[in-house]
Amino acid sequence: MIFTIDEINRDPSLLPNITLGYRIFDSCDTHFQALRAAVTLINGQEESVIDYDCTPSTLAIIGDSGSTQSMVVTRMLGLFRIPLVSYFSTCACLSDKAEYPAFLRTVPSDYFQVRALAQLVKHFGWTWVGTIAGDDDYGRYGIQMFSEQIEALGACIAFSHTIPKVNTKEEIEAIVNTIRKSRAKVILVFAIEQDTDTLIQEVMRQNITGIQWLASEAWVTSAMLSRQDNAILVGTLGFALRRAQIPGLQQFLQKVHPSTAAQNVLVTEFWETLFQCSLQTSENGTSQCTGSEDIKSRVNIYSDVSQLRVSYNVYKGIYAIAHALHNLSYCKDGKGPFENNSCANTTDIKPWQLLHYLKHVNFTNRLGEEVVFDENGDPNPSYDLINWRETADGSVRYVTVGQFGGSFDSNHRLQIDESTIVWNNGKKEIPRSTCSVGCVRGTRKAVRQGQPACCFDCISCADGEISNETDSIECIKCHLDYWSNSLKDRCLPKDIEFLSFEDPLGISLVTIALCGASLTIGAAAVFTNYRNTPIVRANNSELSFLILLSLVLCFLCSVTFIGKPTVWSCMLRHTLFGISFVLCISCILGKTIVVLMAFRARPPNSDRMKWFGPVQQRVIILLCTSLQIIICLLWLTTSPPLPVKNTKYQNAKIILECDVGSIKAFAFVLGYIGILSSSCFLLAFFARKLPDNFNEAKFITFSMVIFFAVWVTFIPAYVSTSGKYTVAVEIFAILASSFGILSCIFVPKCYIILFKPEKNNRKHLMCRRADD
């Protein structure tokens with residue numbers, strides 16, 4: 001401070017013809033002494049007086065270094081609007097202008113330091129961090145903000161302790177025991193160097209290693225800590241104020257001498273300690289100081305200007321006051337900032353007038369840095385990321401490995417050169433500090449009940465869900481057409497299932513259908529070859545051929561159910577199935593009526609048979625089939641069957657199937673087939689007492705019984721299966737009922753034609769039973 005004031009007083013361009021003066025008081029690092037010193041400065045009296053003069057004799061105060069002391073002092077100074085410019089009070093609470101209207105500082109607020117520390121924690125992936133604070137406003141507010149910041153970034157506080165100002169051995173041991181037991185390997189100490197030293201001494205005594213220490217700017221460049229044999233602190237990281245080189249300061253410091261400051265007991269003590277001598281009468285073997293000792297010959301903290309950080313803030317603070325006084329002095333009447341555009345009276349400057357100019361000061365100092373305050377009285381934040389390195393001689397060297405900063409109106413960014421960082425115990429690998437090991441891809445975090453969010457278990461994603469990133473909070477559902485792989489880290493296209501021609505089941509069903517069609521065609525060939533024989537001609541051979549044709553269609557329509565469903569195949573398979581079976585059942589119904597009428601007519605040449613001749617049979621078949629065709633046409637035009645993707649039964653597969661569209665239309669088709677087959681069954685049942693040698697009604701009855709049995713069994717089987725097996729059940733029902741009709745109606749006749757030709761005559765066929 002003295003150096004800076006002398007430099008300003010020698011500068012002819014700054015405050016010409018004005019000389020700055022100063023008074024210095026020691027706050028003794030206590031708020032009581034700090035407040036006492038401030039009151040003394042305001043009164044201009046060293047001792048207490050009875051009649052107080054409420055007119056301040058001091059325009060501005062530089063200090064204090066501690067946030068608690070500054071808070072106490074500036075509350076009182078705010079009443080008089082006397083500016084207090086601090087060089088090291090970093091508590092974010094001091095940015096509150098409603099409570100501290102006269103406070104400004106050249107050191108950044110802890111808000112920015114904490115923000116930088118939180119980004120540092122996030123950058124290296126530390127999610128389980130221990131915190132230790134000093135028992136003051138600096139420590140408490142700092143840790144509170146840090147906790148809020150890292151929790152917002154997804155990290156957690158493993159433990160939080162406070163170092164008491166007046167502590168006992170047991171209290172410090174309790175803190176260190178927590179450090180030893182905790183899984184947190186990264187610990188932030190947000191305290192001044194004296195409190196930190198108390199903690200580190202106990203950590204060294206218990207020989208706790210493997211901790212990555214994070215330092216607040218209050219001790220990250222502490223000579224007291226770094227010059228001790230603190231090997232456990234090697235690798236410490238922390239943000240320090242930007243360093244500066246102040247020209248001429250070292251030479252100024254080296255001018256100190258007891259002869260020029262005989263009344264300064266601090267100079268005397270410093271000299272005697274540095275040179276291990278006594279300025280007084282030599283005692284206890286201590287040599288006598290000669291006064292010719294050269295301070296330049298000794299390396300010491302006092303004259304070391306390699307880490308000018310806090311000192312640089314003092315330098316900027318005094319220059320800020322000087323520039324404010326300069327601007328105030330050169331105010332032009334009529335253009336002033338006060339009432340009626342007036343200026344301040346330079347012979348009687350009020351503190352509040354200086355405060356106004358101080359808030360709006362803006363200049364670039366000799367080192368090229370812009371000095372300006374924001375609306376909260378805070379400077380532009382700027383930090384160096386410091387890494388503690390051990391040199392060959394065992395001392396600690398501060399190495400800048402990154403920066404954090406930015407302008408008032410920009411985002412503050414963290415820049416780190418990771419390759420240059422040396423971690424705790426000299427390691428090059430980034431230490432890990434987590435409560436739980438990270439979750440791999442394909443899993444998600446599940447927070448343990450009653451524990452912080454950073455303590456979790458890793459649970460595999462459910463089927464159909466994935467997590468393609470590590471430490472996923474939740475799994476992502478795959479698209480409808482995709483399904484998760486076995487590792488649950490990728491969505492793969494679902495397997496598409498349908499009854500294909502390449503499928504063994506599909507091949508078997510096609511083979512059976514073709515065999516059925518071939519047998520039917522074979523029966524037709526037999527009937528064609530023996531069309532003039534009595535057994536073929538006995539009951540309208542035309543109907544027999546028509547039944548055989550419809551059976552071929554029934555067998556072949558089952559093939560349309562196989563293969564990838566398309567719009568045309570879906571419409572064809574259901575309509576062809578419905579029309580083919582109605583045609584078949586209609587022909588059987590006509591045959592049944594003819595058989596029944598032929599043997600119930602009395603006498604045989606009765607006129608009743610005229611109404612059931614070939615023409616009438618064709619009409620019956622045409623009408624019955626036409627009705628089914630009309631139902632199918634209405635079905636296709638209103639709500640036709642269409643191919644759909646079904647994932648209801650198997651989530652991992654897409655079942656391609658034909659949706660019937662209109663359930664009512666499908667029910668009409670099946671219901672109509674059921675009505676015709678029931679009618680056929682009833683008529684055949686009534687004709688069960690026909691002659692044994694030509695009881696075709698008996699075979700029709702059996703065929704209808706098989707038909708009913710197949711389709712009644714089909715319903716529960718159809719409902720209980722899914723996918724391609726549903727289609728297979730439907731095909732099986734078609735084939736089984738078709739084979740039932742073919743076997744019951746045509747196989748007996750073919751057997752007689754081929755193997756019992758002696759029975760293929762009119763006499764045998766017309767023979768009645770003995771009891772008739």
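Student: Where in this predicted model does Cys28 lie, and why is Cys28 called partly exposed?

Tutor: Cys28 sits in the loop between helix H1 (2-10) and helix H2 (31-43). The relative accessible area of Cys28 is 44%, and a residue counts as buried under 20% and as exposed over 50%, with partly exposed in between, so Cys28 is called partly exposed.

Student: What makes the phi of Cys28 worth a remark?

Tutor: Phi of Cys28 is near 55 degrees, which is a positive value in a residue other than glycine. Most residues other than glycine have a negative phi.

Student: Why does Asn207 count as exposed, and where is the place of Asn207?

Tutor: Asn207 belongs to the loop between helix H7 (193-205) and strand E7 (212-215). Its relative accessibility is 59%, and exposed means over 50%, so Asn207 counts as exposed. Asn207 also has a positive phi, about 55 degrees, although it is not a glycine.

Student: How do you know whether Ala102 is buried or exposed?

Tutor: The relative accessibility of Ala102 is 0%, and the cut-off for buried is under 20%, so Ala102 counts as buried. Ala102 lies in the loop between strand E2 (84-86) and strand E3 (103-105). Leaving aside residues up to four places away in sequence, Ala102 touches several residues, among them Thr74, Arg81, Pro83 and Leu355.

Student: What makes helix H11 roughly perpendicular to helix H12?

Tutor: The axes of H11 (residues 310-329) and H12 (residues 351-359) come within 8 Å and cross at roughly 110 degrees. Angles of 65 to 115 degrees count as roughly perpendicular, and therefore H11 is described as roughly perpendicular to H12.

Student: Which residues of H11 and H12 meet, and how do they divide into nonpolar, polar and charged?

Tutor: On the H11 side there are Ala320, Ile321, Ala324, Leu325, Asn327 and Leu328, which meet Gln353, Leu354, Tyr357 and Leu358 in H12. The residues of this contact divide into eight nonpolar, two polar and no charged.

Student: How many helices and strands does the protein have, and why is it called more spread out than a compact globule?

Tutor: The protein has 22 helices and 24 strands. Its radius of gyration is 52 Å, whereas the globule rule gives 28 Å for 772 residues, and because the value is well over that figure, the protein is more spread out than a compact globule. Along the principal axes, the C-alpha trace spans about 165 × 70 × 45 Å.

How values were computed:
Residues are numbered from 1 along each chain as its sequence is written. This is a predicted model: local features need pLDDT of at least 70, side-chain atom pairs count only at pLDDT 80 or more; totals for chains, interfaces and linings use all residues. Side-chain values use heavy atoms; hydrogens and water are left out. Axes are lines fitted to C-alpha atoms, for helices over the stretch in contact, and angles run from 0 to 180 degrees between N-to-C directions. Helices (H or I, at least four residues) and strands (E, at least two) are DSSP runs, numbered from the N terminus. Angles under 35 degrees count as roughly parallel, over 145 as roughly antiparallel, 65 to 115 as roughly perpendicular and the rest as oblique. Contact means heavy atoms within 4.5 Å. Ala, Val, Leu, Ile, Met, Phe, Trp, Tyr, Cys and Pro count as nonpolar, Asp, Glu, Lys and Arg as charged, and the others, Gly among them, as polar. The radius of gyration is taken over C-alpha atoms; the globule rule is 2.2 Å times the number of residues to the power 0.38. Buried means under 20% relative accessible area, exposed over 50%, partly exposed in between (1.4 Å probe, protein chains only).
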